[in-house]
Amino acid sequence: MSEKELGKKWDRCLADTAIKLGAGLGLGVVFSVLFFKRHTWPIAFSSGAGLGMAYANCQNDLRSHYVLHRSQKDQ
Amino acid sequence: FLKICYVSARIYFFPNFPNENFAHLHHCRHYTAGEPSGAVKVLATSLLAVSGGVGGTVLYAKWDPKFRATVEKNVPYSDQLFSLALGPAAKDANLPIRKQVSALHCDLDYGITFIQLRKICFHTVSHSEASAEATHIISAIGEVPSIPATCDTEATAVSGELTDPNTDIEPLRERPVEEVTARLAQQDQEELDTLASLSTSLDDSLANSAKATLQAIGAQEAALQAIAQHTLRLREAMEAEVSSQEKSAQWKELEEALTHRLSAVDDAGSALQKANESLDSLKAIIERSKGLKVPAARPLILAAEENLHNMAVDLDKAVTQVQTAESEAKIVSQYSELVNEAKQQFQREVTSLTPDIQANWKGLTGKLSADDLNALIAHAHRRIDQLNRELAEQRVREQIHIDAALDQQKLEDQRALEKAVNTSLQHVREEARLEQERKLAELREVMEAEMRTQLRRQAAAHTDHVQDVLKVQEQELKAEAEQVLSSKMLEQETRYRQLGQEQVDNFTLDMNAAYARLKGMEEAIDSHVVAEEEARRAHQLWLSVEALTYSLKSADVDTPTVPLESSAKAVRENCHDDFAVALMSALPEESLQRGVYSEAALRARFNSLRSLARRVALVDESHNSLYQYFLSYVQAALLFERKQEVPPTQLSSDDLDPFKLLSYASYCLEHGDLELAAKLVNQLRGEARRVVEDWLTEARLTLETRQVVGLLSAYANAVGLGTTQAP
């Protein structure tokens with residue numbers, strides 16, 4: 001069912017975002033505590049990075065039908 | 001934290017915009033930073049170059065017409081430009097020249113053919129008048145400027161041109177052969193007549209002059225003889241010492257001879273005159289005949305002239321002889337006169353001395369006295385002295401006399417020489433002229449012969465040509481006749497065959513009719529049987545199709561129908577022609593294996609799809625970032641459209657908006673028009689299209705299957721109707 005595809009994509013997207021954000025947050029906390037003397041900027045940085053990565057992944061996933069992959073191009 | 005997110009997102013979303021802005025500013029700055037008149041300069045230079053190019057082309061085209069022609073051929077509207085600038089191109093210089101040349105050629109051909117035709121007419125004329133006919137031909141050609149066409153090829157096209165310049169002279173019609181020969185004969189007769197008359201006159205005058213000349217010559221000779229005789233007699237008389245009777249007889253003879261001579265000389269003179277007269281008349285006749293210009297008479301004239309010349313020469317010779325004789329005679333007569341004079345003087349002296357003594361003193365020796373004798377001797381001595389003195393004087397004067405005589409003789413000789421030279425010169429001139437005339441005559445004859453051979457050759461060529469033409473004509477006529485014969489034969493044959501065929505056709509028609517009726521009856525019986533069979537089969541088919549239709553209705557709301565395979569198989573067994581077989585093969589595989597959805601299921605599905613499609617309306621190949629998704633979500637939330645809208649009969653570009661399309665499709669579906677709904681949904685593009693792809697495929701399947709089944713049932717109904725027979 002093609003109408004279900006989009007829903008699936010969004011699900012993946014959200015899951016991915018959550019994971020990445022959480023992971024970024026966690027890592028940020030860890031790094032901030034361990035290496036950066038409890039500054040807030042590593043947390044923000046890594047969570048932002050995580051969010052950014054999630055965003056990029058989400059966009060690529062949603063775009064994947066329209067982008068021509070290298071293997072297809074060779075064919 | 002949020003600020004950072006926002007900033008990063010912002011940076012990510014607007015990667016392109018700053019560059020574009022900068023590039024735009026840069027370009028503007030570039031434009032404003034450069035010279036203000038750069039564009040104007042460029043424009044001006046380009047305009048100048050273009051106008052220079054066009055002007056140069058026009059000028060060169062004016063100078064070189066070939067270049068002009070190539071440009072006109074290659075560049076579409078340049079011919080208009082050129083005609084505007086330079087005037088139309090000159091093209092028509094060749095045609096009149098070619099026409100003139102062809103006209104000349106045809107004229108020559110015509111002349112030659114006319115000559116050949118004339119030669120055929122003249123073929124019967126004898127050769128002796130060849131020269132006459134040649135002149136006649138040439139004169140005839142000279143008077144004919146244009147001839148009615150006897151050539152074969154380009155007569156009609158060019159004869160118009162030929163006759164145009166010569167319309168004032170009427171074309172000479174072809175003289176018939178008889179008229180020509182009659183005319184020729186007449187001309188020949190005339191010529192013969194003149195020739196005969198001329199020859200007779202010439203002969204007469206020749207004869208006359210010959211006679212007269214001979215007479216003159218004879219007379220001259222006689223005169224010569226007489227003169228010689230006379231001279232001889234005179235000499236004799238002077239020198240002879242004879243008796244007085246003999247002397248008187250001698251003197252008488254001398255006188256006779258003198259008279260004879262005089263008469264002879266007179267006769268000779270008169271005869272000479274007559275001869276001269278006749279020669280003059282002959283000359284006049286010759287001149288007249290020369291004036292007539294009859295060429296055949298030329299040899300006659302030439303002979304006459306020669307005769308004339310000879311006669312004149314002879315006459316002159318005789319005359320000169322006579323003259324020399326006469327001069328001699330004069331001398332002798334002078335001598336005789338002198339002698340006579342001396343004698344008479346002596347006689348006188350003697351008589352003066354002795355008056356009584358007779359003249360004949362020889363017989364007087366006894367009668368004279370001594371005194372008389374002495375006186376006589378003294379006189380004789382005196383006389384002797386005188387004579388001696390005279391002799392001495394004479395001897396002295398001899399030389400002078402001789403010189404004077406020599407001079408005189410020289411003068412006379414000169415005169416005689418001149419006269420002789422003149423006469424001989426005249427003779428030589430005359431002879432040269434005669435020679436020339438003879439040579440001319442010979443040359444003319446040679447030319448005549450050559451001309452005759454050429455004319456003969458032309459005649460031969462003409463006969464050959466005529467033979468060829470006749471052969472060709474014969475063949476053509478033969479072909480024509482054969483063609484006509486064959487066509488007539490063909491006609492007859494076809495008519496005969498037609499009649500025969502008609503009969504056969506009629507017979508076969510009757511036979512066929514009887515046979516056909518028999519066959520018809522048999523067929524009617526067979527067809528009844530066949531028809532019943534057909535009806536049964538149709539019934540079967542209809543039943544199976546009904547079963548198929550019923551199985552289509554077995555769909556639930558969410559599940560597809562049963563697989564149509566079994567019903568389709570039954571139908572396949574029952575269909576017996578290609579149309580039905582093709583229709584059966586057109587059933588999609590999915591419907592056979594899996595079944596199709598009902599319309600209600602599709603409708604329900606569509607309703608759920610609609611909201612999704614609305615939500616991704618803005619997303620397509622080029623706009624498919626997350627932001628775009630967000631925007632399209634916002635749009636779907638904010639935009640309100642009618643749930644169902646009547647679709648127009650023709651879609652315009654506004655109607656291709658996805659929201660509108662969806663409302664149209666919804667309307668169609670509510671009213672049961674799945675087909676139109678599918679068409680409308682098919683107009684969606686981009687992500688919305690991807691989302692409804694499956695629904696579209698399902699709808700297609702359903703539609704196909706329904707169509708095929710509908711066709712089949714219609715077909716079955718038709719077949720069934722077809723097989724039922726009206727009561």
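**Briefing: the interface of chain A and chain B**

The contact (heavy atoms within 4.5 Å) draws 24 residues from chain B and 17 residues from chain A. This is a predicted model, in which local features need pLDDT of at least 70 and side-chain atom pairs count only at pLDDT 80 or more, while totals for chains, interfaces and linings use all residues. Residues are numbered from 1 along each chain as its sequence is written, chains are lettered from A in the order in which they are written, and side-chain values use heavy atoms, with hydrogens and water left out.

- One salt bridge is counted between the two chains, a salt bridge being a side-chain nitrogen of Lys or Arg within 4 Å of a carboxyl oxygen of Asp or Glu.
- It joins the side chains of B:R605 and A:E3, at 2.8 Å from N to O.

**The side of chain B that touches chain A**

- At least two residues of this side come from each of α1 (2–13), α16 (599–615), α17 (626–638) and α20 (687–723) of chain B; helices are DSSP runs (H or I, at least four residues), numbered from the N terminus.
- α20(B) gives the largest share of this side, six residues.
- B:R690 belongs to helix α20 of chain B and touches A:S2, A:K9, A:H65 and A:Y66, not counting residues up to four places away in sequence.
- B:R690 counts as buried because its relative accessibility is 19%, where buried means under 20% relative accessible area (1.4 Å probe, protein chains only).

**Nonpolar cores**

- A nonpolar core is a set of buried Ala, Val, Leu, Ile, Met, Phe, Trp, Tyr and Cys residues joined through side-chain atoms within 4.5 Å.
- The largest nonpolar core has 34 residues, of which A:L6, B:F606, B:V681, B:L684, B:V691, B:V692 and B:W695 touch the most other members.
- Helices that each supply at least two residues of this core include α1 (2–34) and α2 (41–63) of chain A, as well as α18 (658–670) and α19 (674–682) of chain B.
- The largest share of this core, seven residues, is that of α20(B).
- Apart from neighbours within four places in sequence, B:F606 is in contact with B:L662, B:A665, B:S666, B:L669, B:V681 and B:W695.
- A second, separate core of 22 residues has B:A275, B:L282, B:A304 and B:L315 among its members.

Methods:
Buried < 20%, exposed > 50% of the residue type's maximum accessible area, 1.4 Å probe, protein only.
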